[in-house]
Amino acid sequence: MSNEQLKFEQLLARHCALALCKQKTANMFHINRNCINDLDEMVNWYNRLFAAKGIKIRIFQSKQQRVMIYVYCPKLVEQLLHDASVVKLLSKFNYPEDDMEKVFQYLEYRLNTCKTFPHEIGIFLGYPLSDLIGFLQNIPCLYVANWKVYSNVNESKKRFKQFQETKDLLKR
């Protein structure tokens with residue numbers, strides 16, 4: 001295994017353990033393109049490796065030096081994109097409906113053109129919709145861990161504990 005591949009795997013384990021284990025819809029991290037020679041080929045290689053497991057990696061902000069690596073379970077993203085409440089929220093930001101590729105293309109557009117990070121990305125990361133809406137409405141949160149929690153604090157604490165156990169296991 002090359003040093004670059006090891007570095008990429010460490011980043012995947014550190015930032016994307018939950019998506020890799022399908023405990024969460026997706027995870028993401030940013031990386032400078034110059035950290036990995038031929039990052040596109042590295043991502044293609046891992047996509048071939050993960051295909052049988054139903055996991056994909058996508059590069060967002062692909063024309064920039066600092067790119068976003070998005071690791072996701074397409075089946076879980078598809079389910080989200082068919083949820084009426086999610087569709088309603090995304091329509092407020094002018095997202096197209098139902099077609100995951102078109103939605104991702106529009107997310108790419110939003111990532112490249114918004115002055116601030118587009119907060120609706122929480123949908124694509126599998127954050128609870130109630131927490132994302134609370135964040136967008138700027139109401140006081142009840143708890144903070146992996147994200148700001150606006151409802152179901154006890155359930156969220158259980159999830160965060162499970163998330164940490166999975167991250168620790170995958171890092172080892």
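## Helix α7

In this predicted model, helix α7 covers residues 129-136, and D131, L132 and G134 are buried in it. Viewed down the axis of α7, the buried residues fall within an arc of 160 degrees, so they line one face of the helix. Just after α7 comes N138, which takes a positive phi of about 55 degrees.

Three strands form an open sheet in the order β1-β3-β2, and their pairing is antiparallel. The edges are held by β1 (26-32) and β2 (56-60); each has a single partner strand, so one side of each is left without a neighbour in the sheet. On average, neighbouring strands are turned by 25 degrees against each other, direction ignored.

Strand β3 (residues 66-72) runs antiparallel to β1 and is joined to β1 by seven bridges.

Y72 lies in strand β3. Its relative accessibility is 5%, and buried means under 20%, so Y72 counts as buried.

Between Y72 and T25 there are 47 residues of sequence separation, yet their C-alpha atoms are 5.8 Å apart. Leaving aside neighbours within four places in sequence, the contacts of Y72 include T25 and A26, the run G54, I55, K56, I57 and R58, and also V77, M100 and F104.

## Aromatic pairs

A pair of aromatic rings is described by the distance of the centres and the angle of the planes. The structure holds 18 aromatic pairs. In one of them, F8 and Y46, the ring centres are 5.4 Å apart and the planes stand at 45 degrees, so the pair is tilted. F8 belongs to helix α1 (residues 3-20) and Y46 to helix α2, so the pair ties together parts that are 38 residues apart in sequence. Both residues, F8 and Y46, are buried.

For F60 and F104, the ring centres lie 5.7 Å apart with the planes at 85 degrees, so this pair is edge-to-face. F60 lies in strand β2 and F104 in helix α5 (residues 100-113), so the pair ties together parts that are 44 residues apart in sequence. F60 and F104 are buried.

F60 and F104 also belong to one aromatic cluster, together with Y70, Y72, Y95, Y106, Y109 and F124.

Methods: Residues numbered from 1 in each chain as written. Predicted model: local features only at pLDDT ≥ 70, side-chain atom pairs only at ≥ 80, totals over all residues. Heavy atoms only, no water. Buried < 20%, exposed > 50% of the residue type's maximum accessible area, 1.4 Å probe, protein only. Helix = DSSP H or I, 4+ residues; strand = E, 2+ residues; numbered from the N terminus. Arc of directions from axis to C-beta. Pairing = 2+ DSSP bridges. Axes fitted to C-alpha atoms, helices over the stretch in contact; angles between N-to-C directions. Contact = heavy atoms within 4.5 Å. Phe/Tyr/Trp six-rings, centres within 6.5 Å; stacked < 30°, edge-to-face > 60°.
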